[in-house]
Amino acid sequence: MSLFKFGFTSRVNNSEAEFSDSESRQTDESREESEELLKEGPRELSVTLQVPVPGVVQPGPSSNTSAESSTGSSDDGGLDLGSKDSGPKRPNLASFPKIKIGGKNRSFNQDWYTQFSWLEYSISKDAAFCYSCRIFPSTSGHKEHSFTANGVNQWKKAIEKFRKHSESECHKNSFSRWQHYLQSLSEGSIASKISAHHSREVKENWEYLTQISKIIIFLARQGIALRGDDEGVDSPNRGNFLELCSLIADVNPAFGQKIKAMPLNATYLSAEIQNELLNTTADIIRKQIGEEVNSAGLATIIVDESKDTSKKEQISICLRYAEYKEAEGHILHEEFLDFHEADNLDAKSLSDQILREVGKLGLTNVAIVGQCYDGASVMSGHLNGVQARLKEHFPNAQYVHCHAHRLNLVLVDICKNVSSAGEFFVLLEALYVFMSRSLVHKVFVDLQQRDKERVKELVRLSDTRWVCRYQSLSTLKTRYRYVVEVLQHFCDSQEPKRDPKLVVEARGLLNQVMSVSFVTHLELLMTLLSHSQALSVTLQASDTNLGNAVTMISSVISIIEETRASGWPDLVHEITRICEDNNIPMMPQPKRRRKRRTFDDSVIMAPTGQRSQPEAAEHEFLDDLRVNIFLPILDAFKSEMIRRFSASNIAIMQGVDALLTPSSVNFLKYSAVGPFVELYSASLDVDVQLLKAEMAMAGQIISNEQKDTSIPDLSREHTANSFSNVEKLIPFANLPNLQKTTQLALTLPVSSAVCERSFSAMKYIKNYLRSTMGNQRLSDLGIIYVSGGRSKTLQTNPVEIVTKFSQREKRTRIQLF
């Protein structure tokens, strides 16, 4: 009885301790359990339970209530239950401890695991617990302590208790939290889902903008218009950009789905977004140029002006600089920066615009050593011109008159000084106009096709690029007989409805074209313009330098002198051949002289004069051509070349000649380079004494290398690329002072051809169909088009563009980060 009494008293005491808690926390389960104990009467524990058995803990009252902790730690309060990570503890024993209740031995049944997924069993307490309520307590704070802290071991009505607990609100809430936790383990938590969704959306947005950037840069690089006249949804042609987006969407379903998924007010296909992406791309290119200039440390400014299709004055601003790389040597760059609409064409306004643009590049410790413009007084004025104003900011920026403009002025002056040359080009222009008529042009083409010749068209003469007239003369010479045949066709036309004006023009042109004088001008001017063409190509090359320019100019002058001295017989031979092939008489028809009647009534006792024989007359005629055409044109060309290309700054020209012209007698001699170095002492950080030693060393290296028979004598080369050949022999990396001085000589400008190339791009971009284009868009499209290599790299990998674009302002309608 004492044992019974002990067990009963212990249980009752435990129940009384439970009831002593606050009534608000006492559950119906606890009350029912106490009542049932009182009804059933005394309980007898089997003997086996009174004897300690290894691995089995006797059920009984437990004074430790710390198991209410929702952390679910297996060692919390001595409970051997599951944790949050392990899940419910469900041991499968061969036999569970039995308790005699109401005369029957009862125990936990492991089949209950399958009926109640939340059920777990504690061996140490021989009690069942609710895993979900213990680990994931209800958010209301309400708990059933019999399932979370004390455990349930009333096995007689266990199933009834389990079912009743399953239907409680607090259990449902806990069970739901547990299931969400399990789902988060397999699919991720809400936070991780949001993060994953955000990451996926950001990736898709980046791919979307990357594709749009590629399309925009592609169209800009090709000079193709982006927008259309009607970009409405129902328009059959919405413009190149939208149509290309639609085309790519057909082959890239992800891109097409993204376009459809984007809100209508945030598709990022609008004109504003196009402008932003273009401006971002252009800014990246300008930044790259600025970084290269900062690395070079020396630069020159090149500026020119032209009108666009909307009759606005546009200023093109460019930079020239030379990079040195040990593996590649010196690399020359002429880079276009920007177009600026010139509101005023005075020197102050122009210089201010140039300074603003150069300032945007963020140049630091960069010396501006030169400036190149045309010969207009507003640009070249040494007192108040642009060059004078820029020298106030950059004292060493020496002005260089564009050599290509100088060459053009030489040819213009020839036509002004030699009237026959000017008349020839006027006649050539009239011939072009006549041959451009549809009826005449058809006959001209048919005649060439009749003889299975490749059809060539007469080229219109350029008013500004005179050296390009060589192509016009070349075409005329190769198709001269067809031109004559066309003129004869219309002169002899017997059609009843022939145009009298056309016939008169044809007769007038034929009379002048089929003359020895015309052929002489054609051959002579072709010879001059062929030399001028080669010189012009050299002067306009982006990698040319003053050394090349001086060499080529000297060569052209020498060739003209040789032609004047001994070139007339060869020219006469070619003139004779052309005249014979086209039935042109070498002697003009003599004019019929009126017979004099002075001596009709007199006897002539001695001859009064004798006419020249035909041979003597032809010789006299050719000599007249030589004196009146050949010599005046050549003399005018030579004198203008010498006048226009005379060195305005002897120190610069001698220094460049000694550094970049291997054929010069002063090549690598400090005596010629010294004044040049002194002129740029503020820009050059060189040691004069070391420079002398390095120049002597470089000269000796070249001399030693040339002893090898496989290397030609470079001092006798007169080609434009002679310096590039010498540069390969000089170890500039070990001669820093000579390298810096050579870099300065290469940086000095030769011509403003880079500006002319930008104007060609401008006319291609801003054509008559796009004449309303804004100036910023024009400038951005211009630099993308001109800097094709840089923009191609950005088109291939536009990550930097999208990054810069996303940082320009807060993008609220598209997630990029």
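In what order do the five strands of the open sheet run? The notes below start there.

1. **Ground rules.** This is a predicted model, so local features need pLDDT of at least 70 and side-chain atom pairs count only at pLDDT 80 or more, while totals for chains, interfaces and linings use all residues. Residues are numbered from 1 along each chain as its sequence is written, and side-chain values use heavy atoms, with hydrogens and water left out.

2. **The open sheet.** The order is β7-β6-β5-β8-β9, with mixed pairing. At the edges sit β7 (329-341) and β9 (398-401), each pairing on one side only. Neighbouring strands here are turned by 25° against each other on average, direction ignored. Axes are lines fitted to C-alpha atoms, for helices over the stretch in contact, and angles run from 0 to 180 degrees between N-to-C directions. Strands (E, at least two residues) and helices (H or I, at least four) are DSSP runs, numbered from the N terminus; two strands pair if DSSP finds at least two bridges between them.

3. **Inside that sheet.** β5 (residues 298-307) and β8 (residues 367-373) pair in the parallel sense over five bridges, and Leu298 stands opposite Ala367 in β8. Helix α16 (residues 403-417) packs on the sheet, touching β5 and β9, and its direction makes about 35° with that of β9. Contact here means heavy atoms within 4.5 Å.

4. **A hairpin.** Take a look at β3 (residues 119-122) and β4, which pair in the antiparallel sense over four bridges. Glu120 stands opposite Phe129 in β4. The hairpin has four residues between its strands, and Asp126 in the turn has a positive phi of about 50°. In β4 (residues 127-130), Ala127 and Phe129 point one way and Ala128 and Cys130 the other, yet all are buried. Buried means under 20% relative accessible area, exposed over 50%, and partly exposed in between (1.4 Å probe, protein chains only). In a regular strand the side chains alternate between the two faces of the sheet.

5. **Helix α19.** Which residues of α19 (469-478) are buried? They are Arg469, Ser472, Leu473, Thr475 and Leu476. These cover an arc of only 160° around the axis, so they lie on the same side of α19; the arc is that of the directions from the helix axis to the C-beta atoms. The buried residues pack against α17 (419-435), α20 (480-491) and α22 (516-540).

6. **Two polar residues worth a click.** Ser420, in helix α17, is buried, with a relative accessible area of 17%. Its side chain makes a polar contact with the side chain of His521 (3.0 Å). That term covers a pair of N or O atoms within 3.5 Å; within protein, one must be able to donate a hydrogen and the other to accept it, and residues adjacent in sequence count only if both atoms are side-chain atoms. Glu574, in α24 (residues 568-581), is buried too, at 19%, and its side chain makes a polar contact with that of Arg577 (2.6 Å). Leaving aside neighbours within four places in sequence, Glu574 is in contact with Lys477 and Glu523.

7. **Cores.** The largest nonpolar core has 107 residues, and Leu487 is one of those that touch the most other members. A nonpolar core is a set of buried Ala, Val, Leu, Ile, Met, Phe, Trp, Tyr and Cys residues joined through side-chain atoms within 4.5 Å. Apart from it lies another core, of 77 residues, including Ile302 and Phe336.
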